[in-house]
Amino acid sequence: MLRQWSVESGQASREPEAGVEELWEQEMARLQSSQALVRELPYAMVDKRCIRQLREPEGAKTSCWQRWQRRRRAVGRRLGEAARRLAQGFGLWDGALYEIGGLFGTGIQSYFTFLRFLLLLNLLTLLLTASFVLLPLVWLRPRDPGPALNFTLQCSDGLQSQTGVPRFHNQLWNVLTGRAFNNTYLFYGAYRAGPESGSAYSIRLAYLLSPLACLLLCFCGTLRRMVKGLPQRLFLGQDYRSPVSVKVFSSWDFCIRGQEAATIKKHEISNEFKVELEEGRRFLQVRQQTRTQRICHLLTYLRVNVLIGLLVVGAISVIFWATKYSQDNKEDSLFVLLQYLPPGVIALVNFLGPLLFVFLIQLENYPPNTEINLALLWCVVLKLASLGIFSFSLGQTVLCIGRNKTSCAAYGYNACDYECWENAVGEELYKLSIFNFLLTVAFAFCVSLPRRLLVERFTGSFWTWLDREEFLVPKNVLDIVAGQTVTWMGLFYCPLLPLLNSIFIFLTFYIKKYTLMRNSKASPRRFRASSSTFFFQLVLILGLLLAVMPLGYVVSSIHSSWDCGLFSNYSAPWQVVPELVALRLPPSGQRILHYIGSHAFSFPLLVLLSLVLTICISQSQANARAIRGLRKQLVWQVQEKWHLVEDLSRLLPEGPGVPVGPESPHSRASRPRSFCPGFPCPGSPGPRAPRPGPCLEDSVSRFRFSSGAEL
């Protein structure tokens, strides 16, 4: 009997081994005949080498072509990884960004990522300008453009030299105002070229199209980043919430070994939960508002916005008159002190404006979320409006927009006060960029640092109330966007301004990181990275559009300076394009370009764009309907599982004496059953309490957890 049992047990133990071997052989045969790439298979490197050897015929060697193809794929993969790394800035600041994201959340991390993105945009702009303008200008060494046009300015008073400044400070002051670089390639006036017919490469066309190409590339990159960073709630609705259970059980990275990395990961998970809970609380507050509360809120909202709008109008009026006064009093002995009057007034307005906005909003007892959003909206309006009115005031003073002056009527610009008006505008934008950076440095080391030292040194109610400065992401974003907008506005007048702005952004990253780590505390309001990124790119696109409008007007309609720059002999810079078309293109190409610029081409193009836009909108609406249907289907599936649990609890036998073995047909027929699978039928008895037992309790609890995770 024992021997028979041992024989049977040996046969039973050999049967699983034979089954495993058979399965292994089937898997090897499948992998050998499969056409899937080896690198995509979920196996270790040793197994992948074995699979690659199995796919080769016996006794055959890999051909040179196959080895070359394999190397080409490997090199292409490495080049793709290098290109992605290049697109991310050579991994610049990866460690710092990881540390900031873990300690302070992805919202603050997105600000520093935004700084890196702006640095890449400026370097790309500088690369295009250097490749198509500076290098050809140095390499070709164009001939001298010849003597300037002989004309006499009819001005009442001659230009007076700058006085009232000690000689010791002249060099430093000239560097700060840009006068030291007037004869360098930093400004428009130093660029010269001969006639277009004497060179195969047109420096003028390259100088004209380089800023436009840079702005177009910046717009495409910013738009792509904005669409990529759209919040999920714009697609899935405000009531979409990712399951919290997923974050609870799958957030930890089990590959972490170091104590510092573990601490950063703990802070990161904590910040994610804070963002999730805060968004849920705000959403619940909005849903609990009654109709009367919404109407009162709307009326109060309108009253506050009218008051803030009046403040914004007054602020931009102050900027307009300050710029006009500084330009109209160039002959004054105090002109040196007035050089930085417009940047100083702009900085003062943008500092006091948000404080007044917040004070007016707090008087109405708004919720914190609404208060911050409303103040942020008006801060964006004030920041961009101040730059817009600054450029308009410069245009009115330099180009006599809306003014009647003898020199403007004769020469197209204020030739009596500005011999090279492009350099004058470039100097103003240069000073504004320098002043913004100096203000950032001064605020970090002369305000935030002493405030932190005083708070740590002294104790008391006042110092507790003062506390450290809050690191406000929207304020810092508006400051950096204002600097980038100034850079875009100066691409035509100051082509190397992106180089200067790149240096400023690089230094700003470390200054802001030091301020965040040492002198500041994180804001109590948490931002999700997708929402922050979308807001950053939206404000950046508004700044780009603000820079494009005056630049397009100047290029197409304003007369260039008579005695400086590349376009001194043209009525407008854009006039070089039709001249080159007539010189370089054959008649057929000219006819094609004239047709593209005519109304006969514009109307069909407009109709085609309308059709494409209609198709895109229809597709997005169809996708939204499909998403809503899938969400309803998910809810129905979870409800069906709950009904199945209720049916199971109702059909289970009750009482300790019920047999557990096979049932008789009579007992099965006498038991109440549901003829509606997954749903209770009308008139059926309600669910009864299930028989207590560990198996049933464990299965029901596991099912409830899985259903909650799906919801």
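View 1. Helices are DSSP runs of H or I with at least four residues, numbered from the N terminus. The 37 residues of H16 (residues 421-457) should span 54 Å at 1.5 Å a residue, and the 53 Å between its end C-alpha atoms agrees with this; the expected span is 1.5 Å times one less than the number of residues. This is a predicted model, in which local features need pLDDT of at least 70 and side-chain atom pairs count only at pLDDT 80 or more, while totals for chains, interfaces and linings use all residues. Residues are numbered from 1 along each chain as its sequence is written, and side-chain values use heavy atoms, with hydrogens and water left out.

**View 2. Packing of helix H5 on helix H19.** H5 (residues 106-140) and H19 (residues 497-519) pack at about 165° with their axes 8 Å apart; axes are lines fitted to C-alpha atoms over the stretch in contact, and angles run from 0 to 180 degrees between N-to-C directions. H5 is therefore roughly antiparallel to H19 (over 145 degrees; under 35 is roughly parallel, 65 to 115 roughly perpendicular and the rest oblique). The contact (heavy atoms within 4.5 Å) includes Tyr-111, Phe-112 and Asn-122 of H5 and Phe-506, Phe-509 and Lys-512 of H19. By class, the contact of H5 with H19 has 14 nonpolar, 5 polar and 2 charged residues; Ala, Val, Leu, Ile, Met, Phe, Trp, Tyr, Cys and Pro count as nonpolar, Asp, Glu, Lys and Arg as charged, and the others, Gly among them, as polar.

**View 3. Packing of helix H4 on H19.** The axes of H4 (residues 94-104) and H19 are 12 Å apart, at an angle of about 30°. H4 and H19 are therefore roughly parallel. Ala-96, Leu-97, Glu-99, Ile-100, Leu-103 and Phe-104 of H4 meet Phe-509, Lys-513, Leu-516 and Met-517 of H19. This contact of H4 with H19 has 8 nonpolar, no polar and 2 charged residues.

**View 4. Packing of helix H7 on helix H21.** H7 (residues 203-228) and H21 (residues 576-584) pack at about 135°, their axes 10 Å apart, and are therefore oblique to each other. Arg-204, Leu-205 and Leu-208 of H7 make the contact with Val-576, Val-577 and Leu-580 of H21.

**View 5. Surroundings of Ile-316.** Ile-316 lies in helix H11 (residues 291-328). Leaving aside neighbours within four places in sequence, Ile-316 is in contact with Ala-385, Ser-386 and Ile-389. Ile-316 and Ile-389 are 73 residues apart in sequence, and their C-alpha atoms are 6.4 Å apart in space.

Definitions and conventions: Helix = DSSP H or I, 4+ residues; strand = E, 2+ residues; numbered from the N terminus.
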